[in-house]
Amino acid sequence: MKVALLRYIPYLYLLSSIPTAFVAGDAVVDQRNRENGQLNYECINKKVEPDGNVICLDNVHEKSAQEVKINSAIGNGSVEKLTSANFDDFIKSNDNVMVMFMAPWCRHCKHLEPEYAKAAKNLRDENVRFAEVDATIENELANKHEIKGFPTVYMIRKGKKTAYDSGRTAEAITEWVTSFLSPIPKIASSLSQAKAEEAKIVKYILVVHDEKDPLVAEFVNYGENNRAKGIYYQVVDPSEKKALYIVRANSEVEMLTDLKVDTLAALIDRETLPLFGPINGENYPEYAKNSSNWVWFAGANKDYEAVRKAVQTVSKKFRNKFNFVWLDTELFPHHAQSLLSISNPPAFVVTFNDKNYIADFKVVDATEHNITSHIENVVKGEAKRHIKSAPESEKDKGCLRTIVGSNFRKLVFQKQKDVLLLVHVPWCHHCTQFFPIFKDFAKEVCNDKSLMVASIDANDNEIDSDEFKYDGFPAVFFLKAGTKTPIVYHDARTKEALHNYIKKVHVKTDTKQDEL
């Protein structure tokens with residue numbers, strides 16, 4: 001997992017359409033119980049984060065199937081309870097199955113269940129069955145389907161599994177399933193008829209002159225493999241220009257005429273997303289799949305309207321490399337600061353190779369030329385990078401130094417001092433356990449002036465170096481004086497282990513270097 005993504009995880013949860021409860025552990029999510037096939041647990045002492053994420057604050061207590069009591073809102077026959085004994089037969093017996101993997105203790109599951117049941121009732125006359133699996137009982141079944149959080153919902157169509165990625169209401173589920181089950185393609189008598197048909201999701205309209213055109217087969221194949229993406233129409237009309245029309249959810253219409261069989265799928269993937277539109281939980285996964293580079297505009301609705309046309313024009317030039325999105329600061333007031341380090345929106349930020357570059361022009365100066373220039377300067381490496389940083393503390397002269405983003409390179413890359421650095425975040429339980437131990441260790445080696453022991457809060461600060469790579473918290477690194485490449489500490493989180501480690505990698509010297 002990339003360092004930048006780890007930093008954003010708490011904020012991306014808040015954008016997610018289907019919230020997921022994870023059991024916390026050694027990194028962001030502790031995989032050990034699942035890897036050992038032990039999904040049969042309950043949290044004795046748990047904490048609910050602001051986004052509803054359930055964090056276990058202690059070791060989990062494994063439960064037997066007899067101990068588990070299901071308190072489900074579903075029990076009226078509309079949703080089938082599946083187990084290892086009947087799961088495969090049920091899937092084979094039904095062409096289309098919506099299945100939810102849940103846990104009785106999961107808050108998000110309890111909220112979703114009644115909506116899921118309503119959707120099942122809404123679609124009782126359609127060729128689809130709804131089911132659920134209690135993953136705390138059906139350990140092997142959950143592991144087989146690689147369930148990493150609750151709830152996880154899939155549509156299984158003729159044995160092929162598609163992740164459900166829309167809203168959490170009965171209406172949203174009903175609309176998603178209805179769209180998913182639509183015939184591919186839907187035949188329209190004319191382009192105007194296809195455009196006029198009401199849809200709350202993306203419509204793809206392929207206009208050809210002959211129904212035997214090879215593009216039709218590729219279009220149908222793409223639709224069958226991407227049913228959840230939208231509704232697919234075919235129009236045969238020699239009087240119309242041969243083209244693919246994409247009618248986006250925000251009513252934007254894009255006409256694409258450079259159509260080739262071997263590039264049609266990639267073209268649809270790229271052009272489905274709006275040129276420039278709001279980002280939220282329901283569309284974030286699609287943007288993330290499209291590109292890891294972003295052009296963000298953080299501002300209120302009036303600010304968005306002021307820059308929309310200019311950004312849409314620029315987007316046409318760069319959309320094969322960047323996602324162009326609007327972060328609505330009225331809906332997500334804290335994300336601009338937490339995710340993009342924007343303290344005074346509105347503002348533009350380019351995220352390129354996991355690094356943020358804030359534009360230095362104001363909204364009134366957001367012309368096509370200025371936006372384009374900023375993006376080009378970022379790509380060429382000529383733009384000033386913004387480093388997320390908490391304020392430096394003038395009192396930071398203790399045994400355990402506090403590093404922030406703005407002074408990271410100055411304090412960590414030293415010529416005469418070795419550095420032992422702890423990377424932590426406040427929401428990590430293991431970090432809160434280890435920090436006092438690390439601090440006590442720092443006091444015990446405080447007289448060694450050739451060693452600096454330090455910590456950095458990765459939640460509020462960006463590490464200004466690509467050399468410090470980690471996939472969980474806490475992370476500890478040792479950096480030899482005068483070098484740039486750190487060594488990852490893998491030993492136990494005890495003072496004794498820290499002392500033993502330092503004895504092996506550090507040589508105490510009588511350096512007289514001034515304290516930084």
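Predicted model: local features only at pLDDT ≥ 70, side-chain atom pairs only at ≥ 80, totals over all residues.
**Basis**

Local features need pLDDT of at least 70 and side-chain atom pairs count only at pLDDT 80 or more, while totals for chains, interfaces and linings use all residues. Residues are numbered from 1 along each chain as its sequence is written, and side-chain values use heavy atoms, with hydrogens and water left out.

**Overall make-up**

The protein has 16 helices and 24 strands. Both are DSSP runs numbered from the N terminus: helices (H or I) have at least four residues, strands (E) at least two. Of the 516 residues, 52% are buried. Buried means under 20% relative accessible area with a 1.4 Å probe, counting protein chains only. Among contacts with a separation of 6 or more, 72% link residues 24 or more positions apart. A contact means heavy atoms within 4.5 Å.

**The E15 to E19 sheet**

Five strands form an open sheet in the order E15-E17-E16-E18-E19, with mixed pairing. Strands E15 (277-278) and E19 (355-358) are the edges; each has a single partner strand, so one side of each lacks a neighbour in the sheet. Two strands pair if DSSP finds at least two bridges between them. E18 (residues 347-352) pairs with E19 in the antiparallel sense, over four bridges. There, Val350 stands opposite Tyr357 in E19.

Two helices pack on this sheet. Helix H11 (residues 301-318) touches E15, E16 (294-299), E17 (323-328) and E18, and its direction makes about 170 degrees with that of E17. Helix H13 (residues 368-380) touches E16, E17, E18 and E19, at about 30 degrees to the direction of E18. Axes are lines fitted to C-alpha atoms, for helices over the stretch in contact, and angles run from 0 to 180 degrees between N-to-C directions.

**The E5 to E9 sheet**

Another open sheet of five strands has the order E5-E7-E6-E8-E9, again with mixed pairing. Its edges are E5 (79-81) and E9 (160-163), each with a single partner strand, so one side of each is left without a neighbour in the sheet. The twist averages 30 degrees from one strand to the next. Arg157 stands opposite Lys160 in E9. Helix H6 (residues 170-180) lies across E6 (96-102), E7 (129-134), E8 and E9, at about 25 degrees to E8.

**Strand E23**

Five of the five residues in E23 (residues 475-479) are buried. Ala475, Phe477 and Leu479 point one way, Val476 and Phe478 the other. In a regular strand, side chains alternate between the two faces of the sheet. Val419 stands opposite Leu479 in E23, and Phe477 has Val488 in E24 as its bridge partner.

| Strand | Partner | Bridges |
|---|---|---|
| E8 (residues 152-157) | E9 | four bridges |
| E21 (residues 418-424) | E23 | five bridges |
| E24 (residues 487-488) | E23 | two bridges |

**Cavities**

The structure holds two cavities of 30 Å³ or more. A cavity is a set of points, on a 1 Å grid over the protein atoms alone, where a 1.4 Å probe fits but cannot get out; lining residues have an atom within 4 Å of a point. The largest cavity has about 50 Å³ of space. Its lining includes Arg270, Tyr287, Asn290, Arg319 and Phe324. Helix H10 (284-290) and E17 each supply at least two residues of that lining.

Notes:
Buried < 20%, exposed > 50% of the residue type's maximum accessible area, 1.4 Å probe, protein only. 1 Å grid on protein atoms, 1.4 Å probe; cavity = no way out; pocket = protein on both sides within 12 Å on 5 of 7 lines; lining within 4 Å. Points joined across faces, edges and corners; volume = space filled by probe spheres on them.
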